[in-house]
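The structure is shown first, and the account follows.

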Amino acid sequence: MKKFIFGILIALFVNGTAIAFDCPSGDAMTETTCNAVANCVYNAGSCQKCDNGQYSPANSNKCMNCNNNKPSSADWTGPGNDKGTCPWSITCSAGSYWNGSECVDCKGNQTSSDTTITSDGMGSWPAQNNTCTYKAVLIKLEKNQGVFDIDKQIYAKCEEGFADSEDGPWREQPDITPTLWWGQTFDGYYTDKTGGTQRFDENGELSYQTTDCSFTEETTTLYAHWQQNPYYVDYYYPPDTTAAMRQKCYLGKACTPIEPDSNKAPAKQAFDKWQCISGCSGSINKDDIIPEPKQTNTTTTPVIQLQALWRNCNAGYYCTNGKEEPCPIGSTSAAGSETIGDCHITQDTLFCDGDGTTCFYLPAQKTTFYAN
């Protein structure tokens with residue numbers, strides 16, 4: 001009796017899982033004792049176990065195919081006690097997951113590893129086992145029109161947040177520090193170079209209705225938007241100590257000096273150039289471009305100070321209201337002349353008729369000598 005008991009297949013259940021022993025063998029094995037065990041059949045003097053995907057009820061000597069109660073791509077992993085209880089397994093390959101009835105692809109921005117799903121063949125299929133996780137998405141942050149800024153990047157991972165590295169650590173907000181320069185005000189990152197939808201606001205945080213799950217493409221590019229702020233140029237006329245005028249200039253746009261105020265010109269002098277007294281160096285001619293202020297990471301608006309320089313009027317000209325005008329043709333003037341009345345004709349002036357065929361100079365001044 002002991003040999004019979006130990007020689008037959010006994011099914012135990014541990015946590016609902018069947019554990020099968022070998023079919024009867026040795027002295028205890030007869031056709032009767034073999035067929036008495038489910039999944040075991042007597043054949044040509046030996047007791048054989050049915051193949052995977054087959055079943056044989058107790059006291060039967062025939063292995064029959066289980067019904068197709070499994071996904072088509074699954075494999076049988078053992079025999080069953082009846083036609084509906086054969087165990088099976090299926091491997092959902094990387095990039096897919098088990099949805100409770102089959103392997104389906106993860107979402108476009110998700111990934112997974114190979115996952116094996118097993119069924120004990122007791123009728124109910126395994127519950128859903130979603131092993132997909134979201135990918136880290138690279139977000140390129142182009143400075144766009146940012147004069148002093150640099151291109152940056154950050155990573156987003158749906159349901160986890162943002163990080164500076166593809167591997168984290170993840171945080172709730174992107175925390176992209178806005179650029180604080182005197183020449184521009186940061187207005188956030190947008191989907192287009194001009195216009196588009198704002199994704200990160202002027203504080204470097206998520207915009208309205210934007211989340212870490214808003215970024216699903218493998219690589220997303222956002223563009224910084226800016227408001228241009230002016231820098232100032234103040235103009236001085238000695239001996240005044242207060243600026244006579246303030247001019248607005250913008251980075252990246254050529255800025256030329258203003259025309260000097262003729263009412264500020266000293267008598268008998270003409271405007272020469274602008275002298276840098278603060279915020280720049282050297283001098284600037286009337287048609288030159290004013291050098292832009294140095295690039296400094298500060299919100300304090302730079303101010304360039306220029307002072308007017310004057311020079312004496314040249315000979316042959318007269319200077320009124322700071323402008324040098326030439327004397328009329330055929331006349332000249334002494335240096336430092338102030339009005340057109342200071343222009344005069346000399347004996348070196350050549351006079352010609354209308355067609356230029358007859359010309360003459362004024363006669364030389366006569367000198368009279370008296371004898372003793």
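Contact here means heavy atoms within 4.5 Å. The model is predicted, so local features need pLDDT of at least 70 and side-chain atom pairs count only at pLDDT 80 or more, whereas totals for chains, interfaces and linings use all residues. Residues are numbered from 1 along each chain as its sequence is written, and side-chain values use heavy atoms, with hydrogens and water left out.

With neighbours within four places in sequence left aside, L306 is in contact with V233, D234, Y235, Y236, W274, Q275, C276, I277, C280, I284 and I290. L306 also belongs to the largest nonpolar core, a set of 21 residues in which Y231, V233, Y235, W274, I290 and L306 touch the most other members. Such a core is a set of buried Ala, Val, Leu, Ile, Met, Phe, Trp, Tyr and Cys residues joined through side-chain atoms within 4.5 Å; buried means under 20% relative accessible area, with a 1.4 Å probe and protein chains only. Strands β21 (231-236), β23 (269-278) and β25 (303-312) each supply at least two residues of this core, and β25 gives the largest share, four residues. Strands are DSSP runs of E with at least two residues, numbered from the N terminus. Apart from this core lies another, of 15 residues, including V137, I139, I176 and L222.

An open sheet is formed by three strands in the order β7-β8-β12, with antiparallel pairing. Because β7 and β12 stand at the edges with a single partner strand each, one side of each is left without a neighbour in the sheet. Two strands pair if DSSP finds at least two bridges between them.

| Strand pair | Bridges | Sense |
|---|---|---|
| β7 (residues 75-76) and β8 | two bridges | antiparallel |
| β8 and β12 (residues 115-119) | five bridges | antiparallel |

W88 in β8 is the bridge partner of W76. Towards β12, S89 stands opposite T118 and T91 opposite T116. Strand β8 (residues 88-92) is mostly covered, with four of its five residues buried.

W76 and W88 also line the largest cavity, together with N69, G84, C86, S119, G121, M122, G123, S124 and W125. A cavity is a set of points, on a 1 Å grid over the protein atoms alone, where a 1.4 Å probe fits but cannot get out; lining residues have an atom within 4 Å of a point. The volume of the largest cavity is about 40 Å³.

Terms used. Buried < 20%, exposed > 50% of the residue type's maximum accessible area, 1.4 Å probe, protein only. 1 Å grid on protein atoms, 1.4 Å probe; cavity = no way out; pocket = protein on both sides within 12 Å on 5 of 7 lines; lining within 4 Å. Points joined across faces, edges and corners; volume = space filled by probe spheres on them.
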